[in-house]
Amino acid sequence: MSDKLKKAAKEKHKAKVEAMTLDLASLHSVQHFAEAFKSKNVPLHMLICNAAVFAAPWSLTEDDLEATFQVNHLGHFYLVQLLEDILRRSSPARVVMVSSESHRFSEIKDSSGKLDFSLLSPSKKEFWAMVAYNRSKLCNILFSNELNRHLSPHGVTSNAVHPGNMIYSSIHRNWWVYTLLFTLARPFTKSMAL
């Protein structure tokens with residue numbers, strides 16, 4: 001264990017928790033959050049990017065991007081970019097991107113094998129909620145891999161993780177079919193309540 005981690009472990013009883021507002025559906029909010037965090041002049045040893053929407057109906061954000069893509073991926077991407085300098089200075093540091101196994105059921109390339117940006121923020125006509133979710137989670141993994149390649153030489157690691165299927169949450173709330181499926185599975189899941 002590094003000296004910084006040993007020091008952090010000894011000082012954990014002094015830790016303070018402070019809530020800060022962040023709306024991933026607004027790039028302005030992400031920028032404001034990053035500026036507010038930077039103004040505190042505190043280290044950032046762990047950044048967990050876990051917010052997501054699932055099966056949400058098609059909508060555009062104030063930035064004119066499809067909401068699932070922006071909330072699940074682009075907002076986190078922008079946040080990490082804005083906080084990269086603090087992560088480097090806080091080394092050792094880690095970024096955790098919470099993705100999903102469902103990323104395996106998506107594609108973001110066109111028929112010639114090139115990245116198709118129109119698939120990331122599709123029009124209403126081309127939108128299907130589950131596919132949008134899957135694509136956003138594939139973007140999380142690709143970003144995490146590239147971030148790790150780029151920042152690990154500077155003491156910042158990045159990992160993408162699947163949260164598991166056995167935790168019950170309300171992420172299914174946007175469509176009755178998913179609510180039914182999650183309700184049927186609930187006896188076999190754990191509650192998030194302590």
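Q: What should I know about the model and the numbering?
A: Residues are numbered from 1 along each chain as its sequence is written, and side-chain values use heavy atoms, leaving out hydrogens and water. The model is predicted, so local features need pLDDT of at least 70 and side-chain atom pairs count only at pLDDT 80 or more, while totals for chains, interfaces and linings use all residues.

Q: Where is Gln 70?
A: Gln 70 is in helix α3, residues 67–89 (helices are DSSP runs of H or I, at least four residues, numbered from the N terminus).

Q: Buried or exposed?
A: Gln 70 is buried, at a relative accessible area of 0% (buried means under 20%, with a 1.4 Å probe and protein chains only).

Q: Which side chain does the side chain of Gln 70 make a polar contact with?
A: That of Asp 63, at 2.7 Å (a polar contact is a pair of N or O atoms within 3.5 Å; within protein, one must be able to donate a hydrogen and the other to accept it, and residues adjacent in sequence count only if both atoms are side-chain atoms). A polar atom of the Gln 70 side chain also lies 3.2 Å from the backbone oxygen of Ala 25.

Q: New topic: how do α2 and α3 cross?
A: The axes of α2 (residues 27–39) and α3 come within 10 Å and cross at roughly 30° (axes are lines fitted to C-alpha atoms over the stretch in contact, with angles from 0 to 180 degrees between N-to-C directions). That makes α2 roughly parallel to α3 (angles under 35 degrees count as such).

Q: Which residues make the contact?
A: Among them are Leu 27 and Phe 33 of α2, and Gln 70 and Leu 79 of α3 (contact means heavy atoms within 4.5 Å).

Technical notes: Helices (H or I, at least four residues) and strands (E, at least two) are DSSP runs, numbered from the N terminus. Buried means under 20% relative accessible area, exposed over 50%, partly exposed in between (1.4 Å probe, protein chains only). Angles under 35 degrees count as roughly parallel, over 145 as roughly antiparallel, 65 to 115 as roughly perpendicular and the rest as oblique.
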